Amino acid sequence: MRLALLIIIISLLLMTACETPESLEAVAGVDGAVIFTSWSDSLKGAVVVVFDKDLEFDRIDEPEYKVIDYFITYSDPISSGTSSVDYFIQLETGEYQLMVIGLLLDPAQLLANEELFQEIQKYIVIPENSAPRGIVIREKKINEQTDWYVQF
Amino acid sequence: MNSQIFQKIRPWRSILYLILLVSMFAHSGFGQSKGSIQGRVTDSKTGEGLPGVNIHIQGSSYGTSSDFDGYYQLDGLIPGEYTLSFSMMGYAPYNEKNIAVVLDIPVQLSVQLKFNVLASPQVVVTSSRKAQDILESPFSVSAIGPREIEAKAVVNMIDILSYESGVSTIKGQLNIRGTSGYTMGAGTRSLLLLDGIPMLGSAAGNVTWATIPTSEVDRVEIVKSGGSALYGSSAMGGVVNIITRNAPHKPETRISTKIGVYSHPRVDEWRWRESRGLLYNTEISHSRSIGNHAAWIRIQKRSDDGFMELNWEEAVNISAKLKLNFGSAHSAAFFINILDDKAGLTSIWKSSANPFEAPEGSSNDGTQGRKVVLNGHYNYVYSPDLAIKTKTSAYWNEWSAFGVDPDYSNENRFYEEVQASKSWTKSLTSIFGLTFQQNNVNAQIFGDHNSNSFATFLLLEKRLHQFTLSAGSRWETYQVDGKRQDEVFTPQLAINWKPSPWLGLRISTGKGFRVPTVAEMFTSARRSIFTVEPNPDLISETSINREFGLTLLAGQIGFLDLFKLDAAIFHNKFENFIEPVPNSDAVIHFTNIADARIMGLELGVGLSAFNNSVDYKSAFTILDPMETDTEGEILDTLSYRHRYHWISSLGMHYWGMDASFEYRYLSRMESVELFQENDLTGADARVPIHIMNVGIGSSYQDWHFLVRVENVFQYYYTQLERNIEEERIATFTVERRF
């Protein structure tokens, strides 16, 4: 009886504890830095935007398309001159496009109101020499080849 | 300031309480001839005297405790018939009935208590502000004894509380049955008491767990239902009362060292430092008697690298307690705690790819501070029917943050309480008192503010055969910056039915309230991209708490030495619920959201078997936490609550060795405020919590050794968004007592 009780109790504890399929695990994504070589006073922040590989950026505000994720530079303010911000965006395995844009509204507003992305064209400035870059994300791998030098 | 407060009290209430106070003394037995009971309490197996046994006369507040050799004496008893209760942690309680006390001839009564490892204290003091059989408690109460505390050798009391039924913590914020959620450390609905004195910070109403001298704690009592009628603001969701030990009469010195080693992250990509993080905790304490008095002093030094980059901490903590005994009628106690600490500070991880690292540029962020707590108790047993207690507390806190966002805060708090316990007859008792609290805050993010509160409380308890009826109320008024904010009346009513010596059923209802803290009203700060702005228009939140529960406590059934079952159904309805809510500009205000309700059930079992060689405890709590409109229609799930909570622990004691297993499960949080899950990327995923700890210990002569591994399976999760919790740590503790 004693042994049976102990075995039952320990088994119950181990069964529940050993099943850990949902623990947070390594993630995939894109990692890099945005280096600002110049900054416009009219800007409130900058965003690294991830969107579908088949999407043209000037159609991003069309309802059928969706920004997959974005990283907002939290540095406030980004002073004129050279400044650098590290970023990381978690992504599932797949192919995407990346782009850096300048924001004319407070980054916090964008974060709190994701629907603003549907009319993002109103609030952005596209830096010179900035064009979307395609990236490939592999399972549990971080793509680290994505630094940006941008000039607003 | 006091005079301003008293002027605002309605005159008739003051007169009523004055009349009551005078009538107490008029009916007391002062000046009458007295008898006494004396004897010795011993262990039934070893025959050795048991020190520190609680001995009290049932139905009264009169009692004493045994000395180091187990001897006790109760003087000043009016001739009559008494029932004497003996209780001690780890021993089955014992009642001696029909003791006839006569004039001038001491009654000799020696008893033997039976050792029982699991036995939580059968007598609790928090739910009714007096010693009470746990089966007769009007509310759900659980208790943690010194054996459980010692078995884990934890540095922080929160690591003990997290393995209690219905109790969870988020970033050090205490949650009893989900009432608090996470409020950014500002405001709590669970009151922390140290020896019955409130220990919440004066600005944010938060808890500094490091000020609790864990190794000197005798027991912890957790009242899981609204306690505002007796304890006021912040007790609306429950009360945790941490009771420190009194020094034994025999001199004792303890030296303890704990060394811990953090594992590297299980996920290779998350590895962030070359060598493993270490934890050192060294404590030296000495206790002794000084004539009739007793004292202990404890010095603790702690150094912790932490499991993540800015989780490091260094602290020196000195605490001491002096217990003064002036005969059987007068006693006093003084407690002091001085904490100097320095710690890293972070509010968010670097990224989900580097969850153990701090954001770029924040590696020098940290805080340092000094906190001083000074508590005093004075007890006067005027007669066996009437006892008066006063509690006085002063608290100072100097705190500053350094790094990217320098900050500072200076706080102080003064608390005074006078409580009288009066037994009118053997079946009718009352407890009433006054409290006053003054808070002063000068902080960069709050500004310069003061607040104070004044309260009176009254609890009547009537026994009718197997029933105990209790009715209580508290009236409280509080001011902020000299302006009266609110005046609250909080009644409560409870019935307990104890149809047999092993079963108690209870039903209760009461009103709770909580006044907003200075932090909730006046915080003006920016963290990451979030801005917190003041809301001085906040009003106090109130609740109606209802609970039905039963406790079954039986012993000696086959191989079972003890079996305990506790079940409760509860429903808490809140009005003007205060929560931090971000608006469409990501600006957070502490806001009175419409209403809320949290209902649920809790079921717990505990057993001790095979001559106390095996202990098992398990409890399951289900919550349904919802935000509602004023009509009760459900609007949303309340943030930062776990719907399901299961704790389980097993202890085995064989061949001089102790082994323990603990398991904790909390279901995935259904709702958070700041960062929502992104289904397209998997970012900000929320997962359930499964944590398992194991430990093995052994004693040899004066030495005790303990090896423990916490979070054995390196399970990773977040509670507050973008903050990873826990890493596996293996600790080795060695202690010598002599």
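This report covers the chains, the contact between them, the domains, the cores and selected strand pairings of a predicted model.

## The two chains

Chain B has 738 residues. Its secondary structure comes to six helices and 46 strands. The C-alpha trace of chain B spans about 80 × 65 × 45 Å along its principal axes. A compact globule of 738 residues would have a radius of gyration near 27 Å; chain B has 25 Å, so the value agrees with that expectation.

Chain A has 152 residues. Two helices and nine strands make up its secondary structure. Read from the N terminus, the order of elements is α-β-β-β-β-β-α-β-β-β-β.

The table sets out like values for the two chains.

| Chain | Secondary structure | Buried residues | Share of contacts (at least 6 apart) that join residues at least 24 apart |
|---|---|---|---|
| A | two helices, nine strands | 32% of 152 residues | 76% |
| B | six helices, 46 strands | 48% of 738 residues | 64% |

## Where chain A meets chain B

On the chain A side, 36 residues are in contact with chain B; on the chain B side, 38 residues take part. Five elements of chain A give two or more residues each to the side that touches chain B: helix H1 (2-18), strand E1 (29-38), strand E3 (67-72), strand E4 (83-90) and helix H2 (107-112). H1(A) gives the most, with nine residues. By class, this side of chain A holds 21 nonpolar, seven polar and eight charged residues.

## Domains of chain B

Chain B is divided into domain 1 (31-113) and domain 2 (123-737). Their centres, taken over C-alpha atoms, are 33 Å apart. The contact between them takes 23 residues from domain 1 and 23 residues from domain 2.

On the domain 1 side, strands supply much of the detail. Strand E2 (54-57), strand E3 (63-65), strand E4 (71-77), strand E5 (80-88) and strand E6 (91-101) of chain B each supply at least two residues to the side that touches domain 2. That side of domain 1 divides into nine nonpolar, 12 polar and two charged residues.

## Nonpolar cores

The largest nonpolar core has 67 residues. Those with the most contacts inside this core are Leu113(B), Leu192(B), Leu193(B), Val240(B) and Ile242(B). Why does this core lie between domain 1 and domain 2 of chain B? Both domains give residues to the core, so it lies between them.

A second, separate core has 36 residues. Trp39(A), Ala46(A), Leu91(A) and Ile101(A) are among them.

## Leu193(B) and its sheet

Leu193(B) is one of the residues with the most contacts inside the largest core. Leaving out residues up to four places away in sequence, Leu193(B) touches Pro198(B), Met199(B), Val239(B), Val240(B), Asn241(B) and Ile242(B). One of these, Asn241(B) in E17(B), stands opposite Leu193(B).

The strands involved are E14 (residues 191-194) and E17 (residues 239-244) of chain B, which pair in the parallel sense over four bridges. Both belong to an open sheet of five strands in chain B, with the order E11-E16-E17-E14-E15 and mixed pairing. At the edges are strand E11 (141-144) and strand E15 (197-198) of chain B, each of which pairs on one side only.

Ser453(B) stands opposite Tyr478(B) in E28(B). These two strands form a hairpin with two residues between them. In the turn, His465(B) has a positive phi of about 55°.

E28(B) and E29(B) form a hairpin, with two residues between them. Asp481(B), in this turn, has a positive phi of about 50°.

Terms used
Residues are numbered from 1 along each chain as its sequence is written. Chains are lettered from A and ligands numbered from 1 in the order in which they are written. This is a predicted model: local features need pLDDT of at least 70, side-chain atom pairs count only at pLDDT 80 or more; totals for chains, interfaces and linings use all residues. Two residues are in contact if their C-beta atoms, placed from the backbone, lie within 7 Å. Ala, Val, Leu, Ile, Met, Phe, Trp, Tyr, Cys and Pro count as nonpolar, Asp, Glu, Lys and Arg as charged, and the others, Gly among them, as polar. A nonpolar core is a set of buried Ala, Val, Leu, Ile, Met, Phe, Trp, Tyr and Cys residues joined through C-beta atoms within 7 Å. A residue is buried if 20 or more other C-beta atoms lie within 10 Å of its own, exposed if 12 or fewer, and partly exposed in between; C-beta atoms are placed from the backbone. Domain bounds come from an automatic or database domain assignment. Two strands pair if DSSP finds at least two bridges between them. The radius of gyration is taken over C-alpha atoms; the globule rule is 2.2 Å times the number of residues to the power 0.38.
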